[in-house]
Amino acid sequence: MSVAVVGGGAWGTALATVAAREEPVRLLLRDAAIADAINRRRENPAYLPGIVLPVGIEAVLEPAAIGGAGIVLLVTPAQTLRAVCRTLAPHLPAGAALVLCSKGIERDTGLFASAVVEAELPGHLVAVLSGPSFASDVAAGLPTAVTLAARDAALADVLARRLAGPAFRIYAGTDVLGVEAGGALKNVLAIAAGASAGLGLGASAQAALVTRGFVELTRLGEALGADPRTLVGLSGLGDLVLTCSGTQSRNFAYGLALGRGEDLSTLKLAEGVFSAGVAARLATERGIEAPIIQAVAGILDGTLPVADAVAALLARPLKREF
């Protein structure tokens, strides 16, 4: 089944690299210079410099060029996904399966990506792909394991087999919401982990923060309807561990700069910045205790200084762990 990828950043290019091992893939992007570099030099110099891309990737600039694809990977930020869907709508073939590969919550509506796509592109089969994966590792062919979920188990199996590679292992499932919740909420917690590192609070604090953050991710994810087994899998715990591990994670890097009091205006997009306030609101609406998520939201909206957030977390009443 032919594959097209929408989004020519690091992750979109990496996924195209895997998919192109079986048959040619069209990669839709906006930057003509990057498209030319991919087609002529087999490199995405802006996002994956130094990695040689397979000849099966064809970079294109017009949405109509992906019209024959049976599988379309949407690899665009959550906050622009709705607009991208409207641009693609006239060009998508009927019955094309849409695989959502970005992590986040639409800030204005509080909707996960699957709900946005189902509203904008009704009638298409929808799946989500998430898990602990850095684009550079995937593009370089290093071992990686992720989760792909679709409500129809047979569809999930078909997509997983088509999109997997020799070192890119895909576990299929049906818990779409659980995969999305884990992928979005871990971004918020990675900002907290980065801020802790930026403040120099030490490895012990870091471990405690990630562990208690995972408790919050689980509480809120289950309240939203996620299967708890999904949240302890690759797209929940696994992704949280990776994205809290260092500056290769944009969200961790953003938190690190935040904790150090550095200029944030030049940093790359950190999806957790947009998701934090929504996640905090969802927790409040459902009566879920999520002090770390609430603290990150307060820091980002300017109502809670970083030092005060740390003091408030440490001053919370002691209680049983479970």
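This is a predicted model: local features need pLDDT of at least 70, side-chain atom pairs count only at pLDDT 80 or more; totals for chains, interfaces and linings use all residues.
Is Glu 285 buried or exposed? I looked this up to begin my notes, and Glu 285 counts as exposed, at 52% relative accessibility.

**Entry on Glu 285 and its partner.** I found that Glu 285 forms a salt bridge with Arg 286, with 3.6 Å between the closest N and O atoms.

**Entry on the count.** I looked up how many salt bridges the structure holds, and the number is 17.

**Entry on Glu 289 and Lys 319.** Next I checked this pair, whose side chains meet in a salt bridge at 2.8 Å, N to O. Glu 289 sits in the loop between α12 (271–285) and α13 (291–300), while Lys 319 sits in the segment after α14 (306–314), so the pair ties together parts 30 residues apart in sequence. I noted Glu 289 as partly exposed, with a relative accessible area of 33%. Lys 319 counts as exposed, at 53% relative accessibility.

Within it I looked at Arg 86 and Glu 120, which form a salt bridge with their closest N and O atoms 3.0 Å apart. This pair links distant parts of the chain, since Arg 86 is in helix α3 (residues 81–88) and Glu 120 is in helix α4 (residues 113–120), 34 residues apart. Arg 86 counts as exposed at 53% relative accessibility, whereas Glu 120 counts as buried at 19%.

Notes
Residues are numbered from 1 along each chain as its sequence is written. Side-chain values use heavy atoms; hydrogens and water are left out. A salt bridge is a side-chain nitrogen of Lys or Arg within 4 Å of a carboxyl oxygen of Asp or Glu. Helices (H or I, at least four residues) and strands (E, at least two) are DSSP runs, numbered from the N terminus. Buried means under 20% relative accessible area, exposed over 50%, partly exposed in between (1.4 Å probe, protein chains only).
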